[in-house]
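Let's walk through this structure together, one contact at a time. Have the model open beside you as you read.

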Amino acid sequence: MAEKTTDNQKIDDQKLEKPPGSVDTFVEAAECLKTLAHPVRLRVVQLLLHGRYTVGEIAEDCGIPDNVASEHLRLLQRCRFLDSEREGRFVYYTVAEPHLEKLMACIEGRFLPCGANSR
């Protein structure tokens, strides 16, 4: 007599191999994603993916005071998303985390009216 397969057995067979990781392994990722989840910081990352900028240039683009831009940059640096380099009296910021490009492409593709046509 042939064994009858149910839909639940098919679903269970498909779930045999779980992806690596656990909730605990995503703690740092969640904290850093929370840091990114701010409109100014998303714009900062978007700008820096296209070149290096000073605090003043970022502040002007975002329409915020320099000290507020500095705080946003500090938070992004704390998650190791950005690097900075001093040249004379200016500090230039650049993206340090290469995965931000793909993440930003997803965000732009989903939330910008034209998609990510700028890259």
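The model is predicted, so local features need pLDDT of at least 70 and side-chain atom pairs count only at pLDDT 80 or more, while totals for chains, interfaces and linings use all residues. Residues are numbered from 1 along each chain as its sequence is written, and side-chain values use heavy atoms, leaving out hydrogens and water.

The side chain of Asp61 meets that of Arg43 in a salt bridge, 2.8 Å from N to O (a side-chain nitrogen of Lys or Arg within 4 Å of a carboxyl oxygen of Asp or Glu). This pair links distant parts of the chain, 18 residues apart, with Asp61 in helix α4 (residues 55–62) and Arg43 in helix α3 (residues 39–48); helices are DSSP runs of H or I with at least four residues, strands are E runs of at least two, and both are numbered from the N terminus. Arg43 is partly exposed too, at 31%.

The whole structure has 5 salt bridges. Among them, Lys34 joins Glu31 at 2.9 Å between the closest N and O atoms, both in helix α2 and 3 residues apart, about one turn.

Now turn to the strands. β2 (residues 82–87) pairs with β3 in the antiparallel sense over 6 bridges, where pairing takes at least two DSSP bridges. Thr54, in strand β1, has Tyr92 of β3 as its bridge partner. Thr54 is buried, with a relative accessible area of 9%.

Conventions
Buried < 20%, exposed > 50% of the residue type's maximum accessible area, 1.4 Å probe, protein only.
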